[in-house]
Amino acid sequence: MKFIITGSGGCVALPRPLCQCAVCKEAREKGLPYARHGASIYLEDIHLLVDTPEDIMVALNDHDIQAIDHIFYSHLDIDHTFGMRVIEHLRLNWLDLSVGKGCTNPINLYAAQGVMTDLNAIRTRLGSVFDYYESLNLIKRQVVQGSIMIQDIKITFVPVDKNDQVTIFIFEKAGKKLIYAPCDVKPWPNDSRFFQADYLIIGNTVLGDYLKNGIVLAEDNILKKELFTLEEIMEIKQQHHIKQVIMTHIEEDWGKSYDDYLELEKQYDNLTFAYDGMVIEL
């Protein structure tokens with residue numbers, strides 16, 4: 001399996017618009033990998049994209065992605081869904097439509113039941129956005145419970161909690177296993193299916209003690225409760241006997257550059273920080 005990190009950023013763009021801090025200036029000057037698109041990942045083998053952040057169209061062009069047949073959604077959050085209009089760019093041709101030729105190769109759109117319910121609620125005064133896309137045959141929605149096979153790759157949808165509104169994905173082929181858990185995955189579900197994974201790609205983490213503008217989070221700060229520390233990530237790695245961890249969903253608020261993360265990862269065994277364009281093959 002060949003995965004491409006199409007976006008390693010968090011809920012705020014890096015560079016943040018208007019911001020003149022050193023990290024954002026550097027990202028504007030140098031571009032990738034110092035800049036980061038919103039969190040998403042692409043599985044080249046089956047032309048599968050996970051999530052559509054607002055800048056996904058830019059990301060797909062930056063990484064020369066040439067085909068998308070499937071889209072998975074992890075959860076509702078705007079920074080993971082509001083680039084949904086990429087579906088129109090990928091499949092809608094207004095000139096063809098004007099002469100009665102519709103889309104004949106819809107994208108397969110998959111989500112867990114709770115996530116799909118949330119997605120279907122995204123609407124304008126004219127109705128559900130995804131209803132509209134399906135009416136034009138741009139997508140075909142499918143609710144997934146448990147696992148599905150796409151060609152020779154098994155993908156398991158693991159709910160983070162009983163509400164089924166956030167999904168962790170496990171990709172498996174020929175004895176190899178990769179877990180993708182980009183956001184809102186704390187508290188971490190204790191699931192035996194995570195054991196012995198080759199890779200865990202995970203977000204939802206506050207990275208370091210000293211953050212943007214010299215801010216230090218107090219122990220009772222709400223972010224310490226909502227987000228993992230790196231020490232907690234290492235505990236998950238050890239608990240499930242995971243070989244390699246890759247940190248993603250890296251926030252501009254952490255105030256660190258690409259070079260800073262290269263230095264930080266030296267402090268941990270088998271832990272690295274994602275960057276846009278990173279390739280994982282297994």
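What do the buried residues of α1 pack against? In this predicted model, where local features need pLDDT of at least 70, side-chain atom pairs count only at pLDDT 80 or more, and totals for chains, interfaces and linings use all residues, the partner turns out to be α10 (258–264). Residues are numbered from 1 along each chain as its sequence is written, and side-chain values use heavy atoms, with hydrogens and water left out.

Start with α1 itself, which spans residues 22–30. Helices (H or I, at least four residues) and strands (E, at least two) are DSSP runs, numbered from the N terminus. Its buried residues are Val23, Cys24, Glu26 and Ala27; here buried means under 20% relative accessible area, exposed means over 50%, and partly exposed is anything in between (1.4 Å probe, protein chains only). Looking down the axis of α1, these buried residues fall within an arc of 160 degrees, so they line one face of the helix; the arc is that of the directions from the helix axis to the C-beta atoms. This is the set that packs against α10, with contact taken as heavy atoms within 4.5 Å. Over on the other side of α1, Ala22 and Glu29 are exposed. After the helix comes glycine 31, with a positive phi near 70 degrees.

Most residues other than glycine have a negative phi, and most peptide bonds are trans. Even so, a cis bond links leucine 14 to proline 15, with omega about 10 degrees, and proline 15 sits in the loop between β1 (2–7) and α1. Another cis bond joins leucine 32 and proline 33, at an omega of about 5 degrees; proline 33 belongs to the loop between α1 and β2 (40–43).

Finally, the surface. Trp94, Leu97 and Tyr132 make a nonpolar patch of about 310 Å². Patches are built from residues with over 30% relative accessible area and no salt bridge, nonpolar side chains (Val, Leu, Ile, Met, Phe, Trp, Tyr) being joined within 5 Å and like charges within 9 Å. A salt bridge is a side-chain nitrogen of Lys or Arg within 4 Å of a carboxyl oxygen of Asp or Glu. Tryptophan 94 is part of helix α5 (residues 94–98) and, at 53% relative accessibility, counts as exposed.

Technical notes: Areas by Shrake-Rupley, 256 points an atom, 1.4 Å probe, with all protein chains shown as cover.
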